[in-house]
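Hi,

Here is the model I promised to pass on.

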Amino acid sequence: MSKMVKVGIVGLGRIGKNHARNLARRVRGAELLAGASPVAEERSWAQQELGVSRLYANMEALLADPDVDAVWLATPTSLHAEQIVSALEAGKHVFCEKPLALTPDECERVLQAAEKHSRQTVMIGFMRRYDPTYVEAKRLLDSGELGRLFRLHCASLDAIDTNGFFVQFAPTSGGLFLDCSIHDIDVALWMTNGAKPVSVSATGIRAMYPGLAACNDVDTATATVLFENDILATFHASRTSHHGDETSLQLVGTDSSLSLGVGGTPTSEVNVQKGNANHCGMVVDFFARFEQAFVLEAQAFIDAIQRGDTLRERLLEAREATRIGVAMREALEQQKIITLDH
Ligand code: NAI
């Protein structure tokens with residue numbers, strides 16, 4: 001039997017808690033041994049809710065724990081690159097939430113560290129690759145059902161936030177494309193088997209959150225990427241969805257097309273008719289939409305460590321995703337078409 005992987009999670013905020021619950025209860029071969037957060041309430045939560053015994057106020061203390069095999073980073077995006085490098089240098093396997101980093105230079109630093117620590121697994125949290133509907137779309141595409149793929153449309157629409165979280169979160173997120181569309185960029189790279197981007201254009205507005213002006217971010221945006229072999233991809237991201245979370249994909253090939261998630265995901269098959277309206281509940285957030293994918297993603301990380309797979313190809317794709325996301329942001333800021341070397 002494979003050795004249990006002892007995991008230390010760093011960051012116990014919105015998504016860190018979600019991962020911590022999964023790692024503690026739903027992932028074979030994993031033991032959630034330790035946690036680190038600068039916030040005392042978050043540490044108490046991990047102790048009381050999940051029985052995590054080793055809790056540290058900072059990542060350095062967790063990295064010094066010799067019993068931790070793997071570090072799980074669920075920290076602000078602006079810290080990812082530096083923290084991945086530190087964790088690799090401390091001899092740990094690393095899972096890190098998306099995106100890998102916010103600049104190509106930071107990605108390069110991580111790649112170099114990964115090359116130096118060539119036996120340690122590194123995985124970036126693109127959980128859509130584990131969502132059964134996306135997996136089915138990929139299976140159909142690979143089976144030849146669609147013919148030659150020439151068009152993708154991806155949308156990541158977040159429900160309207162009335163608590164001010166998006167505005168508060170924006171300064172460290174890298175902006176709408178690097179925060180939200182990065183998932184769709186990864187999906188595009190996955191669906192096209194790593195097609196190279198040729199050019200990128202983008203447009204965006206602040207429709208509902210004027211506070212985003214302070215960090216020059218937008219809440220509604222589209223980007224167009226022309227990939228090699230005449231594959232045209234469009235990306236729509238927003239924080240302004242009236243019907244809750246919408247994570248959708250449309251693929252068009254020469255023989256047929258497919259779509260998933262368009263219009264959001266119903267919570268039930270049951271519709272209620274009242275007056276002249278038809279009501280059906282919609283999934284509000286990505287936690288509910290991707291509940292299963294988050295568990296399968298964590299399982300994939302633990303399985304990869306146990307079979308000695310370092311997942312380097314995927315790390316290269318994560319770097320490419322950041323390169324495309326940065327080009328989208330530049331295209332938006334400079335209002336010009338960015339051409340990419342390949
Ligand atoms: P958050 O702000 O709710 O949580 C951040 C956590 O990091 C908090 O526990 C905070 O105490 C901790 N932290 C801050 N500075 C730290 C430091 N120097 N050392 C250690 N811990 C530190 O943010 P949220 O929403 O949980 O996002 C975290 C990351 O997860 C981001 O990179 C984001 O892009 C990603 N994310 C991914 C999603 C997905 O769909 N896969 C969805 C939501 C977030």
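Predicted model: local features only at pLDDT ≥ 70, side-chain atom pairs only at ≥ 80, totals over all residues.

Residues are numbered from 1 along each chain as its sequence is written, and side-chain values use heavy atoms, with hydrogens and water left out.

The domains

Residues 5–125 are 42% helix and 24% strand, with the end C-alpha atoms 18 Å apart. For residues 134–258 the figures are 25% helix and 39% strand, and 11 Å between the end C-alpha atoms. Helices (H or I, at least four residues) and strands (E, at least two) are DSSP runs, numbered from the N terminus.

Where the domains meet

Between them, domain 1 and domain 2 bury about 2,000 Å², 65% of it on carbon and sulfur atoms (accessible area, 1.4 Å probe, that the two parts lose on being put together, summed over both). Arg14, Phe126 and Arg128 supply 43% of what domain 1 buries against domain 2, more than any other three residues. In terms of contact (heavy atoms within 4.5 Å), 23 residues of domain 1 meet 23 residues of domain 2.

Two salt bridges run between the domains (a side-chain nitrogen of Lys or Arg within 4 Å of a carboxyl oxygen of Asp or Glu). Arg128 also turns up in a salt bridge with Asp184, where the closest N and O atoms are 2.6 Å apart.

On the domain 1 side that touches domain 2, α1 (14–25), α5 (104–116), β6 (122–125) and α10 (291–307) each supply at least two residues. The largest share, four residues, comes from α10. By class, that side has 14 nonpolar, five polar and four charged residues (Ala, Val, Leu, Ile, Met, Phe, Trp, Tyr, Cys and Pro count as nonpolar, Asp, Glu, Lys and Arg as charged, and the others, Gly among them, as polar).

Local details

The structure holds 17 salt bridges. One of them pairs Arg54 with Asp67, the closest N and O atoms being 2.8 Å apart. Arg54 is in strand β3 (residues 54–56), while Asp67 is 13 residues away in the loop between α3 (59–63) and β4 (70–73).

Two backbone spots are worth a look. The peptide bond from Lys98 to Pro99 is cis, with omega near -15 degrees, and Pro99 falls in the loop between β5 (93–97) and α5. Asn193 is not a glycine, yet has a positive phi of about 55 degrees; Asn193 lies in the loop between α8 (176–191) and β8 (197–205).

Cheers
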